[in-house]
Amino acid sequence: MKIKLKMVRPSHDQDNNEDKPNSTSNSTTTTTTVDNKKTSFHTGISNGLIDTVGETPLIKIESLSKATGCTILGKAEYMNPGGSPKDRVAKSIILDGEKQGKLIAGKTTIVEATAGSTGISLAMFGKSRGYNVELYIPDNVSKEKVDLLEMLGAKINIVPIVGMNNASHFMHCAYQRCLVDKSTFYANQFDNISNFNAHFYGTAKEIWQQTNGKIDGFVCAAGTGGTLGGISNYLKSRSSNIETWLIDPPGSGLYSLVNTGVIFDVRDRLVVDKFGPRSFYEGVGVNRKTENFAKAVLNGAFQGTEQEGVDMAHYLLRNDGLFLGGSSALNCAGAVKLARKLGPGKTIVTVLCDQGHRYTSRLYNKDWLAENDLTPTILDYNSLDFIK
C-alpha cells in the first residue's frame, strides 16, 4: 500500500506576501523548453556573500532528454557560492537564528552534524557573520570535503558511521555538545524547519517561475528532507497534477517509508541499526523520518543503486560535460526512471547538488572504483540501459 506523506502548510513570515502558493490550482502541464532570456542569475551588487545564494540556472540535460523523449531539467545548485543547495539551508538557519536572538557575533559557536556540504555552507556564512563553527562528520565523507572544511576554519570531529540507536551517531554527538555549552547554537538541519522554508520559498518558487509552471514531474533524493519536502510541497500546492517522487540510495529506509509506511523490513533494520546506512553516496539516505521530510507530498519512490549512480556520473561527464557528485548523479538516474514512468513529452526537473571535484578520490578514481567493485559498466554511451 502506497502512502502520501501529510502536506503541512509552512509557518513563516514570508507566507504573508504575494508569493503565497495557490493550493487549489489544477493547472495542466505540458512540455517546456527553457527560454534563456527569462532565466535570471545574479546581477548588480550583492550585500555580502550570503546575499548571493539562490537564483541558480535551470539546465536542460540534452543527453537524457534525447534518450527519454522528455525534457529533463537540472536545477544547477552547484552554482551557489558554497557549491551546493546547502547554502540555502545555512542562510535560512543563520538568519532565522539571528532573528530569534540565538546567535551573537563573536560569542556563539554554530554546531552541526553534517556529511560535509552543510558544514561548508555554515563555515562560509558563519565566518562572514562572526561565528565559529564546529562540525561532527561521519567517516565516509570524502577527503576533499574534510580538507576544505579545515581550510575554511571549522573545527572538525570525525566519528564512525553507526545506527541512529547508537549514542555515538554523529547527530547525537552534535546535540550532546550543545547540551553542555550554552554558548553554542545547534543548527539541527534535519529537524529545523528553516531548512524546509529555504526550499519552499526559494528553490521551488524559482523552478516554478523558470518553467513558467509547465512541469510534469520532480524527483530527487533526500537526506535531511528539506529539499524534497520544500519543493514537493510547493509544487503540489501549485498543481496537484505534478508528480513528485523520491529516489532512495542503498541503506536508506525512506523508499520503504513512502511505499509501505514503515522505515525498514525487520531484517533490513537489524543491519542498519548495527552498521548505519553504508553507501558511497554522501548526504542522502537516512533511516528515520525527519521533521523536514514529514512535510513532503509524494506520489511514490524509486530505489537507485550505487552502480547506477557511478554509471550516470560518467555518462553525463562524457555526453554533457557535466562534472557532478554522487547525489546529483543519483538524482539524474531518478529523473530517467520518472521519465519512463510518465512517458515521452513530459517535463521533469531534478537537482544538480554539487560538482565532481569534491569526489575525485572516489567517484572519479579508477583504483577506488575497482577496489569497491564499482567500475563503470557502460558499454554504449548512447544508451541508458544501465538504468534499471
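A contact is a pair of residues with heavy atoms within 4.5 Å of each other. The exercises below concern a predicted model.

**Exercise 1. Overall architecture**

Task: State how many helices and strands the protein contains, what percentage of its residues is buried, and what share of its contacts with a separation of 6 or more comes from residues 24 or more positions apart.

Solution: 
- Step 1. The secondary structure comprises twelve helices and ten strands.
- Step 2. Of the 388 residues in the protein, 60% are buried.
- Step 3. Among contacts with a separation of 6 or more, 76% join residues 24 or more positions apart.

**Exercise 2. The largest cavity**

Task: Determine the volume of the largest cavity, and describe the lining of this cavity by residue, element, class and domain.

Solution: 
- Step 1. Two cavities of 30 Å³ or more are present in the structure, and the volume of the largest is about 710 Å³.
- Step 2. The lining of the largest cavity consists of 48 residues; those nearest the centre are A115, G223, E282, G283 and V284.
- Step 3. Two or more lining residues come from each of the helices α3 (117-128), α5 (170-179), α7 (226-238) and α11 (326-342).
- Step 4. Sorted by class, the lining contains 22 nonpolar, 21 polar and five charged residues.
- Step 5. Domain 1 (55-83 + 198-372) and domain 2 (109-182) each supply at least three residues to the lining.

**Exercise 3. The surroundings of K337**

Task: Decide whether K337 is buried or exposed, and identify the side chain with which the side chain of K337 makes a polar contact.

Solution: 
- Step 1. K337 belongs to helix α11.
- Step 2. The relative accessible area of K337 is 10%. A residue counts as buried under 20%, so K337 is buried.
- Step 3. The polar contact runs from the side chain of K337 to the side chain of E308, at 3.2 Å.
- Step 4. Once neighbours within four places in sequence are set aside, the residues in contact with K337 are I247, F302, Q303, E308, I387 and K388.

Note on methods
Residues are numbered from 1 along each chain as its sequence is written. This is a predicted model: local features need pLDDT of at least 70, side-chain atom pairs count only at pLDDT 80 or more; totals for chains, interfaces and linings use all residues. Side-chain values use heavy atoms; hydrogens and water are left out. On a 1 Å grid over the protein atoms alone, a cavity is a set of points where a 1.4 Å probe fits but cannot get out, and a pocket is an open set with protein on both sides within 12 Å along at least five of seven lines; lining residues have an atom within 4 Å of a point. Grid points are joined across faces, edges and corners, and a volume is the space filled by probe spheres set on the points. Helices (H or I, at least four residues) and strands (E, at least two) are DSSP runs, numbered from the N terminus. Ala, Val, Leu, Ile, Met, Phe, Trp, Tyr, Cys and Pro count as nonpolar, Asp, Glu, Lys and Arg as charged, and the others, Gly among them, as polar. Domain bounds come from an automatic or database domain assignment. Buried means under 20% relative accessible area, exposed over 50%, partly exposed in between (1.4 Å probe, protein chains only). A polar contact is a pair of N or O atoms within 3.5 Å; within protein, one must be able to donate a hydrogen and the other to accept it, and residues adjacent in sequence count only if both atoms are side-chain atoms.
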